[in-house]
Amino acid sequence: MHNEEERLSEVTIPHLAESLVSATLGRWLKEPGDYVKEYEVLCELNTDKVNVEMPSPMEGTLIRILVQEGETADVGAPICLIREPEAQTPIVSDPSKSIVTEGRYRDEPDLSTRYSPAVMRLAEEHRIDLRKVKGTSLGGRINRKDVLAYVRDGMNIQPATPPEYSAGKNEVIAAGFTKATSVPAAQERKEPASSRGPDDQLLPVTPVRKLIATRMHQSVSEIPHAWLTIEADVSHLVDLQQKWKDRFAEKEGIRLTVTPFVLKAVVNAIKDYPILNSTWSTDNIIIKKEIHVSIAIGSEESVVTPVIRNADRKTIAGLAIELDDLVKRARSGKLTISDMQGGTFTFNNTGAFGSLQSFPLINYPQAAIITFETIVRKPVVIQRDMIAIRSMANLCLSLDHRILDGVVCGHFMRRVKQYLERYDQETVIY
Amino acid sequence: MAILTYLEAIRAGMSEEMQRDEGVFVLGEDVGKGGVLNATKGMRDRFGERRVLDTPLSESAIVGVAIGAAMVGMRPIAEIQFADFIFPATNQIISEAAKIRYRSNNDWFCPIVIRVPYGATGGGGLYHSQCPESVFFGTPGLKIVAPSTAYDAKGLLKASVRDDDPVLYFEHKKCYLYISDDVPDEDYTVPIGKAAVKREGDDITVIAYGMAVHLALKAAEQLEKEGISVHVLDLRTLHPLDQSAIFEATAKTGRILIVHEDNKTGGIGAEIAAIIAEHLLYQLDAPILRFCPPDVPAVGMAPTLEKFFLPNVDTLKEAMRRLAEM
């Protein structure tokens, strides 16, 4: 409140009555330059409840008016500045100034060997010699985070040289660790440093890898997963795709794959069973109105899930074009954060890398994820006990069992199958 | 969804419950003309004087009448004008309301809500600022809630009315007009006995209720700029305490600061500290700290005494920083 250089003190709106939070300035009785005595009336304040004359809390010269007549200010807000006379020394008794802060680095007792219960427990769990850990708390005390940082960092140091930290290095590590706030603690202490052989290679964890790890861990630890697989006859779908492939490439400059056809079938089925497009919150299940499908696009190192927004409003051709754009941008690393956000259901074309069946982890906090597996030409029994060579493919669904059960998912999957098998040469893709 | 003040949310909660259930009524000093704090404003016009019942200046009678009405199947909401005046009713609350279910071997129960406007707003002095929750805390048979947001204020009020046992509903007077947030128009309740994480952080945990939650959130926001990450747990219900939420919040950081406006000795913080020490010693990375007013009889009338007594964002922030560095 007190500016030492200028010796100006703020006069604030006092608390006038129960449950009043602001007051309106009625009239100034003093003007800048006037000398006021303590308790002399400065101005009039009006409120819903009372109108009062505001006495000056101090003696001095009124320097500046901060709230003009007719303006309203909150209780505690300054309304004018008063310069107190020279002789009067400013009273700065700020209880928030703590002795501890001021004496932070002076006269600190050495606390480097005083361990908290949490530190002792962690040291035991990870078999750590605490004498090797540098403490960053008051008096050099080792805290929980120091130990966790040490465990984490244990992966990165040369096994030949015993961990003897330079202060500088440790600071960097500690700072880096502090920032990685989203990584749950359980994950950090998964692997003790000692389980590494001398010839084993160490692969540093990239930020993307860490993010995937966090997400997957969250998914598997929070969502009770259940699985369902169906097989669909996609022969007609393949024929339809073959029919359009060249024309599409010529017209749009894009390779038409089976994915947009499958995606369309899935999205149509979601429209029939909107509960698949939902999310679990503590007391409710939130069924999302808009269908934004996350598409898993993998590379050698990682997988990203950009989103096709309002997928239900797009044609097969529209989906194909948008998919192509997402894949291209994913490969060239040009996806933005907003491309990745807002997904309500995930589709993964695992067939692209030859999988026949998978048990995908749900893209948290969605309710389900579906995969489309490799199309296999094989003999199957068709109507009237005939055997034919058909193009068959599995679709696998992982579901959040808190929200969904087998029956509704069974219906959903059957609907996906129906839509897939309903394609024919006449199906319009635009 | 509308933005309501904490005070409006309480009024909306009462009105909706009265609308829903004929057996719900309010009684208290001057409630007919709206109460001195405006909580029941306009309710007599809407529900009539038999359901918005003015009482004599006798808190023991207010609670006594409420208990009697509850015995014949009604669901009264008794207003104590200021928490400071609740003590004449203490016998009715602790010896009667809290014990009816037990004493009658579960034949009778006592569904009353006692609204208790508590806490300092500034300038209230000794008899308009007190926080008497620790007097009732630890009385088996009583439930105690203390919301910090308008959403919780309405949801907990409704839950309290529908609860079959006596609930002390502590409403912080400073929150009345100071706090407003989104409150759904449709019917909802906030479960009694459930705390809420108000902010995620991993350096220190602050456990608070009522106005102190807002001080903690503000301080946490400022400390974030210094690189201190603060986890804030709003208890919402004081009795029974949400132990699992307290354990989770403790395990998150291992550094606990409990803050309330009630005196330090024998306050809610003392019990929380004991629970943590009993169950989670090996998660602790620093001593459990409490930040509460000193053991002085009450908030002084003089602004200097008031400032000395009450926690504020600056002093709380300092305590939080000290814990983070410890």
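Val75(A) is in contact (two residues count as being in contact if their C-beta atoms, placed from the backbone, lie within 7 Å) with Ile13(A), His15(A), Leu20(A), Val21(A) and Ser22(A), once its neighbours within four places in sequence are left aside. Val75(A) and Pro14(A), which are 61 residues apart in sequence, have their C-alpha atoms 5.9 Å apart in space. Val75(A) sits in the loop between strand E8 (72–74) and strand E9 (78–83) of chain A, where helices (H or I, at least four residues) and strands (E, at least two) are DSSP runs numbered from the N terminus. Because 18 C-beta neighbours lie inside 10 Å, Val75(A) counts as partly exposed; a residue is buried if 20 or more other C-beta atoms lie within 10 Å of its own, exposed if 12 or fewer, and partly exposed in between, with C-beta atoms placed from the backbone.

The model is predicted, so that local features need pLDDT of at least 70 and side-chain atom pairs count only at pLDDT 80 or more, while totals for chains, interfaces and linings use all residues. Residues are numbered from 1 along each chain as its sequence is written, and chains are lettered from A and ligands numbered from 1 in the order in which they are written.

Next, consider strand E20 (residues 386–400) of chain A, and recall that two strands pair if DSSP finds at least two bridges between them. Strand E10 (residues 225–233) of chain A runs antiparallel to E20(A) and is joined to it by 9 bridges, with Glu231(A) standing opposite Asn394(A). Strand E18 (residues 368–372) of chain A is also antiparallel to E20(A), through 5 bridges, and here Ile370(A) has Leu397(A) as its bridge partner. Strand E19 (residues 376–382) of chain A is joined to E20(A) by 7 bridges, again antiparallel, and Arg377(A) stands opposite Ser391(A). The hairpin of E19(A) and E20(A) has 3 residues between the strands, and in it Arg384(A) takes a positive phi near 55°.

In chain B, an open sheet of 7 strands with mixed pairing has the order E3-E2-E4-E5-E7-E6-E12. Strand E3 (52–54) and strand E12 (237–239) of chain B each have a single partner strand, so one side of each is left without a neighbour in the sheet. Within this chain, strand E6 (residues 143–145) runs parallel to strand E7 (residues 167–172) and is joined to it by 3 bridges, where Ile144(B) has Leu168(B) as its bridge partner.
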